[in-house]
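Colleague: I have a new model open and would like to learn how to read it. Where do we start?

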Amino acid sequence: MRQAHGGTEAAETPVLFEGEVAAIRRVDQHRQVTTFRIVRPIKGISETTAEIESGVVDAACGYTFEGDFKGKLIGAERDARGVLTTNRCKMMLLNQ
């Protein structure tokens with residue numbers, strides 16, 4: 001695993017990959033699901049696409065996956081429902 005990005009955060013993140021945003025779907029006023037095409041799986045995932053749920057409210061550490069993700073790490077973990085989730089704090093630490 002590359003240590004240039006994220007260091008400890010990358011080591012502690014169960015699902016890690018580089019990908020491109022394929023679609024974004026709002027679940028409700030507080031959450032969205034972002035579908036990614038996986039460009040380079042790093043760990044914890046073998047599929048060619050992934051759906052990651054995230055909050056959208058800044059004050060609640062929401063992350064909307066706007067912008068270009070080329071070369072950025074995308075990290076997530078599975079919640080109690082088995083759904084991949086992430087937040088702004090995790091994404092910022094992975095890509096500092």
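Modeller: Start with a term: two residues are in contact when heavy atoms lie within 4.5 Å. Note that this model is predicted. Now take contacts between residues at least 6 apart in sequence: 52% of them join residues at least 24 apart.

Colleague: Which elements does the protein chain have, and in what order do they run?

Modeller: There are two helices and five strands. From the N terminus the order is α-β-β-β-β-β-α. The radius of gyration is 12 Å, close to the 12 Å from the globule rule for 96 residues, so the chain is as compact as a globular protein of that length. Along its principal axes, the C-alpha trace spans about 35 × 30 × 30 Å.

Colleague: How do I read the core? Which residues have the most contacts inside it?

Modeller: A nonpolar core joins buried residues through side-chain atoms within 4.5 Å. Here the largest one has 14 residues. Those with the most contacts inside it are Phe17, Ile45, Ile52, Phe65, Ile74 and Leu84. Strands E1 (15-26), E2 (31-43), E3 (49-55) and E4 (74-78) each give two or more residues to this core.

Colleague: Take Ile74. What is it in contact with, leaving aside neighbours within four places in sequence?

Modeller: Its partners include Val15, Leu16 and Phe17. Phe36, Ile52, Phe65, Phe69, Met91 and Leu94 are also among them.

Colleague: And burial and surface?

Modeller: Buried residues make up 40% of the 96. The accessible surface comes to about 5,500 Å², and 50% of that belongs to carbon and sulfur atoms.

Colleague: How many side chains are positive and how many negative?

Modeller: There are 13 positive and 13 negative side chains. The centres of the two sets lie 2 Å apart.

Note on methods:
Residues numbered from 1 in each chain as written. Predicted model: local features only at pLDDT ≥ 70, side-chain atom pairs only at ≥ 80, totals over all residues. Heavy atoms only, no water. Buried < 20%, exposed > 50% of the residue type's maximum accessible area, 1.4 Å probe, protein only. Helix = DSSP H or I, 4+ residues; strand = E, 2+ residues; numbered from the N terminus. Rg over C-alpha atoms; globule rule 2.2 N^0.38 Å. Areas by Shrake-Rupley, 256 points an atom, 1.4 Å probe, with all protein chains shown as cover. Lys, Arg positive; Asp, Glu negative; His and termini not counted. Charge placed at Lys NZ, Arg CZ, Asp CG, Glu CD.
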